[in-house]
Amino acid sequence: MLMEKYVKTAAGIIRDRTLSVNARVIYSILATYCTEKDRICTPTLSELLQYSGMGKNTFYRYMKELEQRGIVKKQYVRTGPRPLDRKLQYCLFD
């Protein structure tokens with residue numbers, strides 16, 4: 001039985017019927033990577049695609065829905081001195 005971690009998610013987002021089911025799935029997966037304190041996470045795209053079961057285009061479509069609603073914000077964080085030394089970070093706004 002897999003019981004590694006429980007995830008705290010905002011009931012208002014999970015129950016929001018104006019938000020698509022796929023967007024809620026992505027939000028829930030992102031929440032599994034976040035700490036309760038800062039609600040920031042850095043999963044890879046391949047991890048998100050694997051756990052959501054979505055293809056790239058489908059994933060991007062529903063991620064865009066979350067961004068447009070102000071629920072998730074994507075930002076790049078520098079990880080080194082070169083311009084391409086960066087990591088994509090997701091911030092959840094419950």
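What follows is a close look at helix H4 and its surroundings.

Reply: This is a predicted model, in which local features need pLDDT of at least 70 and side-chain atom pairs count only at pLDDT 80 or more, while totals for chains, interfaces and linings use all residues. Residues are numbered from 1 along each chain as its sequence is written, and side-chain values use heavy atoms, without hydrogens or water.

Begin with the helix itself. H4 covers residues 56-68. (Helices are DSSP runs of H or I with at least four residues, strands are runs of E with at least two, and both are numbered from the N terminus.) Two packed helices are described by an angle and a distance between their axes.

Take H2 against H4. Their axes lie 9 Å apart, at an angle of about 85°. (Axes are lines fitted to C-alpha atoms, for helices over the stretch in contact; angles run from 0 to 180 degrees between N-to-C directions.) So H2 is roughly perpendicular to H4. (That label covers 65 to 115 degrees; under 35 is roughly parallel, over 145 roughly antiparallel, and the rest oblique.) H2 brings Asn-22, Ala-23, Ile-26, Tyr-27 and Leu-30 to the contact. H4 answers with Thr-58, Phe-59, Tyr-62, Met-63, Glu-65 and Leu-66. (Contact means heavy atoms within 4.5 Å.) By class, this contact of H2 with H4 has 8 nonpolar, 2 polar and 1 charged residues. (Ala, Val, Leu, Ile, Met, Phe, Trp, Tyr, Cys and Pro count as nonpolar; Asp, Glu, Lys and Arg as charged; the others, Gly among them, as polar.)

Now turn to H3, residues 45-52. The axes of H3 and H4 come within 10 Å and cross at roughly 95°. That makes H3 roughly perpendicular to H4. Leu-45, Leu-48, Leu-49 and Ser-52 come from H3, while Lys-56, Phe-59 and Tyr-60 come from H4. The contact of H3 with H4 divides into 5 nonpolar, 1 polar and 1 charged residues.

Next comes the core. The largest nonpolar core has 22 residues. (Such a core is a set of buried Ala, Val, Leu, Ile, Met, Phe, Trp, Tyr and Cys residues joined through side-chain atoms within 4.5 Å.) Ile-26, Leu-30, Met-63, Leu-66, Val-72 and Leu-92 touch the most other members. At least two residues of this core come from each of H2, H3, H4 and strand S3 (86-92). H2 gives the most, with 6 residues. Which residues does Leu-30 touch, not counting those up to four places away in sequence? The list is Cys-41, Pro-43, Leu-48, Met-63, Val-72, Tyr-90 and Leu-92.

Charged pairs come next. Side chains of opposite charge can pair when their charged atoms come close. The structure holds 3 salt bridges. (A salt bridge is a side-chain nitrogen of Lys or Arg within 4 Å of a carboxyl oxygen of Asp or Glu.)

Arg-69 is partly exposed at 38% relative accessible area, whereas Asp-16 is buried at 18%. (Buried means under 20% relative accessible area, exposed over 50%, partly exposed in between, with a 1.4 Å probe and protein chains only.)

Another salt bridge pairs Glu-67 with Lys-74, and here the closest N and O atoms are 3.8 Å apart. Glu-67 is partly exposed, at 31%. Lys-74 is partly exposed too, at 30%.

Asp-85 and Arg-82 also meet in a salt bridge, at 3.3 Å from N to O. Asp-85 is buried, with 15% relative accessible area. Arg-82 is exposed, at 56%.

Last, look at some residues in other elements. Glu-47 sits in helix H3 and is partly exposed, at 26%. Arg-39 lies in the loop between H2 and strand S1 (40-41). Arg-39 is buried, at 10%, and has a positive phi of about 55° although it is not a glycine.
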